[in-house]
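Trainee: I would like a close look at a single part of this protein, the sheet. Could you walk me through how the strands are arranged and what surrounds them?

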Amino acid sequence: MGDGSLEPREVWQRMDAGELRLLDLRTRLERRRYGAPPGAVAVSLARHVLSPEGKGVVYLCQHAVRSKATLRNGAAEVAGGFSAWRAAGLPVERIH
């Protein structure tokens, strides 16, 4: 997987196959308000912008703006962010 944007459905399928990890750059408030993809791991935006993980990792934010700053070292992002994830009808879990 090279640098770039991946469609939400592809991300979900590849997560299910164990091919990649989804890292959620959104704030705790955003995750509580909107939910999150099952299996997404909440991470620090500041830390991951400075030093993004590499291949096998896909970053997620609300509208695919913040995640663009992580597109190095082979990392990818969810095209359209969490908004596109929801629009695609993919699973969302509530965060408490």
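Mentor: Happy to! One term first: a residue is called buried when its relative accessible area is under 20%, and exposed when that area is over 50%. With that in hand, 43% of the 96 residues of the chain count as buried. Please keep in mind that this is a predicted model.

Now to the sheet. The chain has 4 helices and 5 strands, and, starting from the N terminus, its elements follow one another as β-α-β-α-β-α-β-β-α. The sheet is an open one of 5 strands, paired in the parallel sense and arranged in the order β1-β5-β4-β2-β3. At its edges are β1, residues 4-6, and β3, residues 41-42, each of which pairs on one side only. As a general point, the strands of a sheet pair through backbone hydrogen bonds, and the pairing can be parallel or antiparallel.

Strand β1 pairs with β5, residues 76-78, in the parallel sense, and 3 bridges join the two.

Next, find helix α1, residues 8-16. This helix lies across β1, β2 (21-24), β4 (57-60) and β5, and its direction makes an angle of about 80° with β1.

The loop between β4 and β5 also deserves a visit. Most residues other than glycine have a negative phi. Ala-64, in this loop, is not a glycine, yet has a positive phi of about 65°. Asn-73, also placed in the loop between β4 and β5, has a positive phi of about 60° and is not a glycine either. Are these residues buried or exposed? Ala-64 has 8% relative accessibility, so it counts as buried. Asn-73 has a relative accessible area of 51%, so this residue is exposed.

Finally, let us step back to the whole chain. Among contacts with a separation of 6 or more, 53% are between residues 24 or more positions apart. The C-alpha trace spans about 30 × 30 × 20 Å along its principal axes. A compact globule of 96 residues would have a radius of gyration near 12 Å, and the chain has 12 Å, so the two agree.

Key:
Residues numbered from 1 in each chain as written. Predicted model: local features only at pLDDT ≥ 70, side-chain atom pairs only at ≥ 80, totals over all residues. Heavy atoms only, no water. Pairing = 2+ DSSP bridges. Contact = heavy atoms within 4.5 Å. Axes fitted to C-alpha atoms, helices over the stretch in contact; angles between N-to-C directions. Rg over C-alpha atoms; globule rule 2.2 N^0.38 Å. Buried < 20%, exposed > 50% of the residue type's maximum accessible area, 1.4 Å probe, protein only.
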